[in-house]
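Here are some exercises to work through with the viewer open. Try each task yourself before you read the solution below it.

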Amino acid sequence: MKIAEKKALKRESIIQTALQLFSTNGFHKTTIPDIATKLQMSVGNLYNYFSSKDILAQEIIKYTSEALGEKIRMVNMSEATAEDKIHQIVTIYFTMAEEKPEMIEYFLRVYLSNREVFSDGCEGMVCVSGFITEIMIFFDDCVASEELRNQDFFSAFGLFMGYLGGMVFLKGEHVLPKEIAFYIDDISRNIYNALKA
Amino acid sequence: MPKKSKVKLLWLQAITCNGNTHSFLNHPDLFSILSHFEVVHHPTLESVYTMQDVIAGTVPCDLLILEGSFIQSGFLKGGVEVSQLIETYAKRAKYIVSVGTCATFGGIFKQKDPENISGFAFDLEEKTSRYKMYATKLISLPGCPIHPKWLSYVLLMIANKNKIAIDTLHRPVELYGYTVHTGCTRNEYFEWKIDAKNFGLKEGCLFYEQGCQGPYTRGSCNKILWNDTSSKTRVGTPCFGCTEPTFPQKSLFRTKTNMGIPAKMPLGVPRRAYLTLTGVVKSFKIKRFSEKLMEYDR
């Protein structure tokens, strides 16, 4: 394996480990030595990959945004109806919340809750564009095909993603009486009914 | 030394508003340019031959300039189908220049009878049955109207026996290789996605709300300025895409958007790339772009 490939793999393992720790223990309670210990690497070496905890935090949000965006991209490239695409996106989001809860938890409990960490370098949509771009394409396609009602982007985006984020937050707080997958059909239908043309 | 014979220029009109004729008359060097040619017939300028001579089919012709939309039958001059007149001289000519979007693609007048009215060699972007016969001598100059200097570029290239590089729709690439967006004074606002809030304002880009088609319209309007002074977009009016085969379109003063996303992307730009950039750029507020460019009443 080439050195560059090894470094890329190491970089990703740091991101995944830090993601896990930040999501579980919180951003401020997690230190760089904690992450280095878990990875069995030296603190100094970790700093070779990420020059600060804030930079690492910013790279993680880009990483999770890209990962989620990549899955929605597959939906966008399919020939499915708008109703079907909504169902697929809800499924992707809730499945990720179930199988890789740290991905969504990080967004809700680190990214949204520690804005000062992201104010320089992750302004606005800069670090979440991988995900936002695919949501924009989803809305654009579904309005162009006259399946969804044409309206301001943010009024539709807020309804869709606010709803999903809220449900995952409730799941994280352990207040949902049922498994999150149980809600996929009803929530997909609710979103479609709210947005349809 | 024998006198160099001049290229014989015949300007023929089909279904037209005379817009291109009038535009060309505004050329500041009109007579200097025409001095390179023998104007055998022109609808408004003094000519060697009359329209009756043209109809009789006896006029010599090296360069045929066509203005106006084409219809095979039902449009007559002096009792003769204009389509026949055009074909008579098109065969004789060494160069055929279609001036204006009507003569090139069908344009405004095509709206009257879309089935039967077209450009001479193109019907929108499709080649007409005449295309094959005349393709080797065909130059397209779409525009509504054309800029007088677009035509003078072509005329002087012909007069000097220079080769004119053209694209697949036979448009000179020197003139149509650019988009109207190129050279627009609002480009900084486009880059930073700042909308123009109204017409006639100096600030803001007209692409996002005001219907500007400049980023996906081919033309030199912001490179070769109108009246040597300005352009539509510079003074705050959206580009109407008048050089494109799809001209005219509806709702020229409003950008069609799907949930705020422009339905048509800048020429050749993938939507995913455009939206990624847009999301990033819109995350920043640049103070200078929120201010008036100039204040006179301070």
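The exercises below go from a sheet to its helices, then to a helix pair, a chain contact and some backbone details.

Before you start, note that this is a predicted model: local features need pLDDT of at least 70, side-chain atom pairs count only at pLDDT 80 or more, and totals for chains, interfaces and linings use all residues. Residues are numbered from 1 along each chain as its sequence is written, while chains are lettered from A and ligands numbered from 1 in the order in which they are written.

**Exercise 1. Work out the strand order of the five-stranded open sheet in chain B, and its edge strands.**

Step 1. Helices and strands here are DSSP runs numbered from the N terminus (helices are H or I with at least four residues, strands are E with at least two). Two strands pair if DSSP finds at least two bridges between them.

Step 2. Begin with β1(B), residues 7–13, which pairs with β2(B) in the parallel sense over four bridges. Lys8(B) has Glu38(B) as its bridge partner, and Leu9(B) stands opposite Val39(B).

Step 3. β1(B) also pairs with β3(B), again in the parallel sense, over five bridges. Here Gln13(B) has Glu67(B) as its bridge partner.

Step 4. Now take β7(B), residues 95–99, which runs parallel to β11(B) and is joined to it by four bridges. Val99(B) stands opposite Leu141(B) in this pair.

Step 5. The edge strands are β2(B) and β11(B), each pairing on one side only. From one strand to the next, the twist averages 25 degrees.

**Exercise 2. Find which way the residues of β11(B) point, and whether they are buried or exposed.**

Step 1. A residue is buried if 20 or more other C-beta atoms lie within 10 Å of its own, exposed if 12 or fewer, and partly exposed in between, with C-beta atoms placed from the backbone.

Step 2. In a regular strand the side chains alternate between the two faces of the sheet.

Step 3. In β11(B), Leu138(B) and Ser140(B) point one way and Ile139(B) and Leu141(B) the other, and all are buried. For β1(B), six of the seven residues are buried.

**Exercise 3. Describe how helices α4 and α8 of chain B lie on the sheet.**

Step 1. Axes are lines fitted to C-alpha atoms (for helices over the stretch in contact), and angles run from 0 to 180 degrees between N-to-C directions. Residues are in contact if their C-beta atoms, placed from the backbone, lie within 7 Å.

Step 2. Helix α4(B), residues 82–92, lies across β1, β3 and β7 of chain B, at about 160 degrees to β1(B).

Step 3. Helix α8(B), residues 148–159, touches β1, β2, β3, β7 and β11 of chain B, and its direction makes about 160 degrees with that of β11(B).

**Exercise 4. Classify the crossing of α5(A) and α10(A).**

Step 1. The axes of α5(A), residues 82–99, and α10(A), residues 184–195, come within 9 Å and cross at roughly 135 degrees.

Step 2. Angles under 35 degrees count as roughly parallel, over 145 as roughly antiparallel, 65 to 115 as roughly perpendicular and the rest as oblique. The two helices are therefore oblique to each other.

Step 3. Residues of α5(A) that meet α10(A) include Ile86(A), Val90(A) and Phe94(A), and their counterparts in α10(A) include Ile187(A) and Ile191(A). By class, this contact has seven nonpolar, three polar and one charged residues. (Ala, Val, Leu, Ile, Met, Phe, Trp, Tyr, Cys and Pro count as nonpolar, Asp, Glu, Lys and Arg as charged, and the others, Gly among them, as polar.)

Step 4. α5(A) passes α10(A) in a right-handed crossing. (A crossing is left-handed if the near helix is turned anticlockwise from the far one by less than a right angle, and right-handed if clockwise.)

**Exercise 5. Describe the side of chain B that touches chain A.**

Step 1. 14 residues of chain B are in contact with 18 residues of chain A.

Step 2. Helix α12(B), residues 271–281, gives the most to chain B's side, with six residues. By class, that side has six nonpolar, five polar and three charged residues.

Terms used: Contact = placed C-beta atoms within 7 Å.
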